[in-house]
Amino acid sequence: MTPDLMKAGAQTRVERERRVVPDVLSGGRQASYGRRHEPGSLDLSHGVILYLDDITVSFDGFKALNALNLTIGTGELRCIIGPNGAGKTTLMDVITGKTRPDLGRASFGSTIDLLSLRENEIASIGIGRKFQKPTVFEQLSVFENLELALKADRGVRASMFFRLGGEQLDRIGAMLELIHLKDSAQRNAGLLSHGQKQWLEIGMLLMQDPKLLLLDEPVAGMTDEETERTAELFLSLEGSHSLVVVEHDMKFIGELTQGGRNGKKVTVLHEGSVLAEGSLAEVQANDKVVEVYLGR
């Protein structure tokens, strides 16, 4: 999450309220199978939060994504692996509106066309992205970073006169507990370790109540203890949020797929397409995956 997207989110609130009905704001998971959905509202009644159909992206003749098909379930924690150049970053760029595909369809739930929205609009309807390098306001305290993220959904004028109430204080306190930074609440973010900065940015994203979280190599550069705690954090979010985790650390992937809910899928990308998909054990035993990525 970058500062410009946070500011843009405040400016597009009116547009979002016209387009997205309260199902989105309440999490969407309570949507009834028989409920009528207004055009443009988030429909999760089929149990799928993201559809990517035949997505193709070309750069100067090179196909970064090649007729890629992918679906992510509501509340699912999906791990995506693959060699460098497989299309993982481009995949996230398409979902968040940074890159427009040449062909294909991308939808949030079964009704919201992501390809018709700008980056800031996609962020405002409930898709949060965590880049590999943490982006926090280093001169502000941990608490102030979370407070700023909480207020980013307000109009600019309202933010000038906003004061934290009991509910907001409780929410920030709960987030500090969740991201293991309660004891560092008043510490400047710039003084945190790399792993702690990663947790803080994840907390800032969560303050926006995203329905789908895209996490790009979230444990790169972390210590073993920080990596273990990050796995615990992600597993605690499973079910209440949908998570797509792109990672090269196979030990971390193992911790995610063995904990929490059963039946987690791992998707392997290669040359812009899905090479294999299934449990971690299944993809590790796939000869093609071993050949192009895991090695003998």
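# Helices, sheets and salt bridges

Reader: Across which strands does helix α9 (residues 194-206) lie?
Author: Helix α9 lies across β6 and β7, and runs at about 170° to β6. Another helix, α10, packs on the sheet and touches β3, β7 and β8; the angle between its direction and that of β8 is about 150°. Contact here means heavy atoms within 4.5 Å. The angles run from 0 to 180 degrees between N-to-C directions, with axes as lines fitted to C-alpha atoms, for helices over the stretch in contact.

Reader: What kind of model is this, and how are residues numbered?
Author: This is a predicted model, in which local features need pLDDT of at least 70 and side-chain atom pairs count only at pLDDT 80 or more, while totals for chains, interfaces and linings use all residues. Residues are numbered from 1 along each chain as its sequence is written, and side-chain values use heavy atoms, with hydrogens and water left out.

Reader: What makes a stretch a helix or a strand?
Author: Both are DSSP runs, numbered from the N terminus: a helix is a run of H or I with at least four residues, a strand a run of E with at least two.

Reader: In what order do the six strands of the open sheet stand?
Author: The order is β6-β7-β8-β3-β9-β10, with mixed pairing. Because β6 (127-130) and β10 each have a single partner strand, they stand at the edges, and one side of each is left without a neighbour in the sheet. From one strand to the next the twist averages 20°.

Reader: How do you know that β7 and β8 are joined?
Author: Two strands pair if DSSP finds at least two bridges between them. Strand β7 (residues 212-216) and β8 run parallel and have five bridges, so they pair by that rule. In this pairing, Leu-212 stands opposite Ser-242 in β8. The chain crosses from β7 through α10 to β8, a right-handed β-α-β crossover. It is called right-handed because, with the strands pointing away from the viewer, the path from the first strand over the helix to the second runs clockwise.

Reader: How many bridges join β3 to β8, and how many join β3 to β9?
Author: β3 is joined to β8 by four bridges, in parallel, with Leu-77 and Leu-243 as bridge partners. β3 also runs parallel to β9, over three bridges, and there Cys-79 has Val-266 as its partner.

Reader: Why is β8 called largely enclosed?
Author: Five of the five residues of β8 are buried, so the rest of the structure largely encloses this strand. Buried means under 20% relative accessible area, exposed means over 50%, and partly exposed is in between (1.4 Å probe, protein chains only). Ser-242, Val-244 and Val-246 cover one face, Leu-243 and Val-245 the other.

Reader: Why is the contact of Arg-78 with Glu-277 called a salt bridge?
Author: A salt bridge is a side-chain nitrogen of Lys or Arg within 4 Å of a carboxyl oxygen of Asp or Glu. The closest N and O atoms of Arg-78 and Glu-277 are 3.1 Å apart, so the pair meets that limit. Arg-78 is in strand β3 (residues 77-81) and Glu-277 in strand β10 (residues 273-278), 199 residues apart. The structure holds 10 salt bridges.

Reader: Is Arg-78 buried or exposed?
Author: Arg-78 has 2% relative accessibility and so counts as buried. Glu-277, at 39%, counts as partly exposed.

Reader: What does the salt bridge of Glu-238 with Lys-264 tie together?
Author: The closest N and O atoms of Glu-238 and Lys-264 are 3.4 Å apart. Glu-238 lies in the loop between α10 (224-237) and β8 (242-246), and Lys-264 in the loop between α11 (250-258) and β9 (266-270), so the pair ties together parts 26 residues apart in sequence. Glu-238 counts as buried at 12% relative accessibility, and Lys-264 counts as buried at 7%.

Reader: How do you know that Asn-145 is buried?
Author: The relative accessibility of Asn-145 is 0%, so this residue counts as buried. Asn-145 is in helix α6 (residues 142-151).

Reader: Which backbone nitrogen does the side chain of Asn-145 reach?
Author: The side chain of Asn-145 reaches that of Phe-137, at 2.9 Å. A polar contact is a pair of N or O atoms within 3.5 Å; within protein, one must be able to donate a hydrogen and the other to accept it, and residues adjacent in sequence count only if both atoms are side-chain atoms.
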